[in-house]
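Here is a friendly walk through a two-chain model, written for someone who likes to keep the structure open while reading. Please have a look at it first.

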Amino acid sequence: MSGPQDIELYQQVLQRDKNALESLYDRYQKLIYSFSYRMTKDTTLAEEVVQEVFIKLWNSHSSYSEEKGKFSSWLLTMTRNTALDHLRKQSSKPAVEFEERDSLRETAETPSDLLEEKEKKLLIRRSVQKLKKEQRHIIELFYFQGLTHEKISHRTGLPLGTVKGRIRLALKHLKTYIHEEGGKANG
Amino acid sequence: MANHGADCDLIIDYFNGHLSREEKAVFEDHLENCAECRAELAEWNGLIEDLPYDSEPVTPPEGMKERVLSAVFAEEEPKQHSASAEPTLIGNAKTNSSSPSKRSSAKWVLPAAAALLLSLGGNAFLYNELQQQSTELTQSQETVDELLQYVTLSPTGESDENPTASASIVRTGSQVNVVINASSLGPLANDEVYQVWLIEGESPKRAGTFIASESGAGAVVFTLDEFNSEQWNQIAISHEPDAQSETPEGEVILASEL
């Protein structure tokens with residue numbers, strides 16, 4: 001990664017350095033927006049999530065430290081929680097099944113895409129694609145839509161008592177595939 | 001809500017934030033004694049390292065950066081007018097402070113605002129100007145559209161929605177427009193509307209009526225014959241039973257001094 005490290009920028013943000021916030025914004029806007037859009041399936045809502053995440057970042061509503069792991073993971077956790085808040089407010093609306101193939105698609109690469117991030121995306125996407133359809137579906141409902149246990153049961157037709165086991169199984173397979181794909185990429 | 005036995009089954013709703021405060025406390029107590037749930041939760045939290053990257057890359061909408069950054073930095077703009085009058089209509093209206101620890105109340109819901117401005121035959125130039133000016137409000141007095149005042153409205157109640165709104169008072173030629181952008185508004189039923197009020201002394205004057213989008217965003221542009229900054233001492237938004245109220249009948253949800 002070129003330029004200052006995330007942690008350096010974050011520390012400058014704590015000193016109210018607007019340029020540092022802008023640098024973090026440029027670095028993460030696309031990832032955070034894409035993730036928010038994946039979760040909310042709504043461009044306006046996704047933008048609101050991005051805005052709220054950066055307002056929280058600027059105002060240090062929650063603070064990051066290196067013990068919390070990678071900065072990007074911390075930022076993404078904040079993004080997911082913010083998106084879940086927005087989704088809960090929307091929960092009275094009928095849910096629309098998300099079909100990835102129908103989503104807005106961006107093929108043009110921008111120079112700001114970090115190589116590391118691109119490789120990671122490729123690795124994760126390949127691994128997810130190797131999952132069985134019903135395993136992808138349960139991860140979609142559980143992780144990206146953040147549904148309740150009961151709704152996941154309803155949407156998948158699985159008994160309540162079976163849902164957690166299926167999530168666990170899907171994630172176990174995913175982990176294996178990520179490991180395999182990662183091994184291929186590195187070997 | 002799943003409730004068919006062991007506390008372990010609460011983990012999905014805990015992870016996705018669906019538990020009530022009481023249920024959350026129960027589960028957190030349980031976590032202290034259940035290594036299996038702790039391990040599972042750690043694993044799920046670890047997914048953030050991987051799963052977000054499965055999102056199809058999407059190009060953010062045009063102008064998002066400007067909108068987001070101006071909303072972020074608008075937080076710390078100093079209040080432009082010291083309060084000249086005590087709030088009269090809304091006893092518990094909190095004056096918006098620029099304290100950095102305060103939650104955002106300046107959200108630009110510009111897609112909605114832009115659509116509205118355009119649909120009203122308003123001008124897109126105003127919209128662009130507003131974006132640019134929002135971080136340097138007090139200084140920008142020499143543009144075609146002149147921003148007379150910008151305030152963020154603070155929630156007056158403790159609703160779950162935590163609504164936010166900003167009001168820009170803009171001189172456009174001989175007219176003065178009040179532009180309201182609001183977000184995180186609660187749902188409306190039947191004929192209910194959100195009503196903006198400008199308050200002079202103890203007399204509220206209607207200053208625009210709007211409804212919220214499905215995502216809780218709302219915007220309205222209201223034209224005043226004239227604007228005298230001394231005249232108005234408060235701006236407020238209330239939740240009205242219909243669009244006919246001549247004085248606030250519903251709950252005031254947001255307010256700011258002017």
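Is Arg16(A) buried, partly exposed or exposed? With a relative accessibility of 30%, Arg16(A) counts as partly exposed; the terms mean under 20% relative accessible area for buried, over 50% for exposed, and partly exposed in between, using a 1.4 Å probe and protein chains only.

## Before you start

This is a predicted model, in which local features need pLDDT of at least 70 and side-chain atom pairs count only at pLDDT 80 or more, while totals for chains, interfaces and linings use all residues. Residues are numbered from 1 along each chain as its sequence is written, chains are lettered from A and ligands numbered from 1 in the order in which they are written, and side-chain values use heavy atoms, with hydrogens and water left out.

Chain A has eight helices and zero strands; helices (H or I, at least four residues) and strands (E, at least two) are DSSP runs, numbered from the N terminus. Of its 187 residues, 50% count as buried. Contact here means heavy atoms within 4.5 Å. For contacts in chain A with a separation of 6 or more, 65% come from residues 24 or more positions apart.

Most residues other than glycine have a negative phi. Arg16(A), in the loop between helix H1 (6–14) and H2 of chain A, has a positive phi, near 65 degrees. Ser184(B) also has a positive phi, near 55 degrees, and sits in the loop between strand E3 (175–183) and strand E4 (193–200) of chain B. Ser184(B) is buried, at a relative accessible area of 5%.

## Where the chains meet

The interface brings 57 residues of chain B into contact with 69 residues of chain A. About 6200 Å² is buried between the two chains, 58% of it from carbon and sulfur atoms; buried area is the accessible area (1.4 Å probe) that two parts lose on being put together, summed over both. On the chain B side, Tyr53(B), Asp54(B) and Glu56(B) lose the most area to chain A, together 13% of what that side buries.

The rule finds 19 residue pairs in polar contact across the interface, both residues being at pLDDT 80 or more. A polar contact is a pair of N or O atoms within 3.5 Å; within protein, one must be able to donate a hydrogen and the other to accept it, and residues adjacent in sequence count only if both atoms are side-chain atoms. Helices H1 (11–15), H3 (35–46) and H4 (64–74) of chain B are the elements that give two or more residues to the side touching chain A. The largest share, eight residues, comes from H4(B).

## Salt bridges

What links the charged side chains? Side chains of opposite charge can pair when their charged atoms come close. The structure holds 18 salt bridges over all chains, and the count between chain B and chain A is eleven; each is a side-chain nitrogen of Lys or Arg within 4 Å of a carboxyl oxygen of Asp or Glu.

Glu47(A) and Arg67(B) form one such bridge, at 2.6 Å from N to O. This pair crosses from helix H3 (residues 43–58) of chain A to helix H4 of chain B. Glu47(A) is buried at 4% relative accessibility, and Arg67(B) is buried at 3%. Glu43(B) pairs with Lys175(A), their closest N and O atoms being 3.5 Å apart. Glu43(B) lies in helix H3 of chain B and Lys175(A) in helix H8 of chain A, so this pair joins two chains. Glu43(B) is partly exposed at 37%, whereas Lys175(A) is exposed at 51%.

Within chain A, Glu181(A) and Lys130(A) meet at 3.6 Å, N to O. Glu181(A) is in helix H8 (residues 160–186) and Lys130(A) in helix H5, so the bridge ties together parts that are 51 residues apart in sequence. A network of salt bridges links Arg38(A), Arg125(A), Glu140(A), Asp54(B) and Glu56(B).

## The nonpolar cores

The largest nonpolar core has 73 residues, and those with the most contacts inside it include Phe54(A), Tyr143(A) and Trp44(B). Such a core is a set of buried Ala, Val, Leu, Ile, Met, Phe, Trp, Tyr and Cys residues joined through side-chain atoms within 4.5 Å. Helix H2 (residues 18–40) of chain A gives the most to this core, with eleven residues.

Leaving aside neighbours within four places in sequence, Tyr143(A) is in contact with residues including Phe35(A), Met39(A), Phe15(B) and Trp44(B).
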